[in-house]
Amino acid sequence: MAFWPKKSTTSNPNISQNQTFKNDRNLLTRKTADIDIKRVYNDKSGTTSALSPAELAEDSEIRENLYDKLLNISVTSEFFPPDYAATGQLIEELVKQLEQQGVNIEVFTGQPGYAFSTDKAPAVEHSGGIRIQRSRSTQVWSGRIRGKAVNGVLFTLRAFIHLVKNFRRHNVFLLTSAPPFLPIAGYLANLCFRVSYVCLLYDLYPDIAIALGVVSRNHPLTGFWWELNRKIWRKSKGIVVLSPDMKERVIKICPDVADKVSVIHSWGDPDLIVPMAKENNWFAKKHNLVNKFTVLYSGNMGRCHDIDTILETAKHLQDEPIQFVCIGSGAKRERLIQEVNQLGLTNFLFLPYQDKQVLPYSLTACDLSLVSVESGMESLVAPSKLYPALAAGRPVAVICSKYSYLRQLIADGKCGTAVENGDSLALAEFIRRLNSDRKLAERMGKASRQYLQSNFTPQIIAKQYLSILKQSNL
């Protein structure tokens with residue numbers, strides 16, 4: 001367990017945090033030197049064991065505890081609560097877990113752009129032992145791709161200034177791909193000041209932009225971006241991706257960083273999301289879902305998500321007692337609503353994003369959860385909505401390519417099914433099967449939650465991040 005030095009009671013303003021780090025490092029050097037001297041002496045004396053088991057244990061504990069104490073991390077992401085964007089929610093949960101595991105941690109983020117009731121948050125605030133600093137807001141055409149790109153560039157510039165001003169205060173900077181340009185700030189800071197940084201890649205650009213037709217594969221910008229990614233990844237201390245498919249993609253682009261790439265999945269919080277019977281769920285009662293077999297899609301309905309297969313499935317089931325509920329927003333939401341209205345479908349309910357405190361009820365107000373990824377996107381994005389769905393204790397149906405890693409997850413967890421993009425008949429049949437066999441649905445739901453609790457809780461995932469951050473500090 002990591003321990004921290006007591007805060008100095010001196011009033012001398014010349015004693016800085018840097019000096020504290022230097023003192024800690026000197027202590028580490030002295031302690032390890034004492035052990036190393038004894039090891040050398042014993043070796044020269046011809047003893048069969050340089051150190052006794054107790055001394056070896058002391059050596060290991062001293063090194064681990066003091067390295068933990070020296071770990072001072074800055075996490076940078078454009079999104080953070082009160083934003084409801086999934087990236088921000090995940091970063092908040094991650095930093096809280098890292099703090100509980102003994103890491104001194106700060107967050108640099110932007111002003112909220114996707115919040116329910118506010119577009120302004122304190123420039124500096126503290127949440128427990130976590131310091132949160134927000135740059136000033138810039139929202140230029142935030143609903144458009146070009147506007148989001150401009151906002152991302154401006155945030156990246158401010159993040160670079162933040163790194164330059166604070167690089168002596170932190171051992172490692174964890175830089176997300178929100179916005180996609182953000183790791184550039186770490187690369188430039190490394191060139192100028194040898195700043196250590198780890199890249200957390202939620203999405204892979206420019207590959208996504210190519211897949212969506214925003215830019216062509218042969219465009220000069222594409223080649224420049226790929227080459228810049230290679231430079232960024234080579235200089236990084238580590239690269240975290242969210243799926244095995246993404247790892248393969250990164251290594252294909254830049255083979256010489258293979259030993260740096262780690263797969264760490266997203267997570268769901270089983271303490272926040274707890275299985276609940278619909279008859280006891282106020283959200284299900286409010287929206288008249290208690291007595292209907294309910295199929296839930298909760299989260300972003302964006303360009304990378306397969307919404308068409310869901311629509312076709314609903315058409316097959318329009319005369320059956322099955323309700324589709326779509327909660328969230330995204331580029332495809334309005335088009336889906338328009339098509340539902342044009343077709344005269346009455347088995348759809350559309351609701352906006354729900355506040356985090358509502359999620360324990362909205363996510364359990366269903367009988368089946370849906371997760372979808374467009375064909376060809378399996379190595380570019382990793383849907384975080386899967387893990388809270390598992391925590392809810394409901395079966396999960398995934399719409400994805402036959403090559404997607406999601407298929408293996410569902411098979412390992414025995415918690416649902418995976419259907420190929422466009423195979424609405426298979427999805428409709430699975431829904432009918434669960435509706436007619438509630439015991440099967442119950443078994444799959446229990447398997448979902450057990451699978452999450454064994455593999456994808458915040459505590460489990462945070463330990464994996466902590467391991468990488470420790471290695472980056474050596």
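## A walk through the predicted model

Buried here means under 20% relative accessible area, exposed means over 50%, and partly exposed is in between, using a 1.4 Å probe and protein chains only. This is a predicted model, where local features need pLDDT of at least 70 and side-chain atom pairs count only at pLDDT 80 or more, while totals for chains, interfaces and linings use all residues. Residues are numbered from 1 along each chain as its sequence is written, and side-chain values use heavy atoms, with hydrogens and water left out.

Switch to cartoon and you have 17 helices and 14 strands in the protein chain. Helices (H or I, at least four residues) and strands (E, at least two) are DSSP runs, numbered from the N terminus. Among contacts (heavy atoms within 4.5 Å) between residues at least 6 apart in sequence, 73% join residues at least 24 apart.

**Stop 1: helix α17**

Select residues 458–472, which form helix α17. With 15 residues, α17 reaches 21 Å from its first C-alpha to its last, close to the 21 Å expected at 1.5 Å a residue. That expected span is 1.5 Å times one less than the number of residues. Now show the side chains: the buried residues of α17 are Pro-458, Ile-461, Ala-462, Tyr-465, Leu-466, Ile-468, Leu-469 and Ser-472. They cover an arc of only 165° around the axis, so they sit on the same side of α17. The arc is taken from the directions from the helix axis to the C-beta atoms. Look at the face turned away from that buried side and you'll find the exposed residues Lys-463 and Gln-471.

**Stop 2**

Axes are lines fitted to C-alpha atoms, for helices over the stretch in contact, and angles run from 0 to 180 degrees between N-to-C directions.

Which residues of α3 meet α17? Pick Leu-94, Gln-97 and Leu-98, which meet Pro-458, Gln-459, Ala-462, Tyr-465, Leu-466 and Leu-469 in α17. The residues of this contact divide into 7 nonpolar, 2 polar and no charged. Ala, Val, Leu, Ile, Met, Phe, Trp, Tyr, Cys and Pro count as nonpolar, Asp, Glu, Lys and Arg as charged, and the others, Gly among them, as polar.

**Stop 3**

Most residues other than glycine have a negative phi, and most peptide bonds are trans. Zoom to Ala-178 and Pro-179, joined by a cis peptide bond with omega about 5°. Pro-179 is in the loop between β5 (172–176) and α5 (183–193). Move on to Tyr-205 and Pro-206, where the peptide bond is cis with omega near 10°; Pro-206 lies in the loop between β6 (197–201) and α6 (207–211).

Next, select Arg-194, in the loop between α5 and β6. Arg-194 is not a glycine, yet has a positive phi of about 55°; it is exposed, with a relative accessible area of 74%.

**Stop 4**

Lys-414 is in the loop between α14 (405–413) and β14 (416–419). Lys-414 has a positive phi of about 50°, although it is not a glycine, and is exposed at 64% relative accessible area.

Finish on Ala-447 in helix α16 (residues 438–455), buried with a relative accessible area of 17%. Leaving aside neighbours within four places in sequence, Ala-447 is in contact with Gly-413, Lys-414 and Cys-415.
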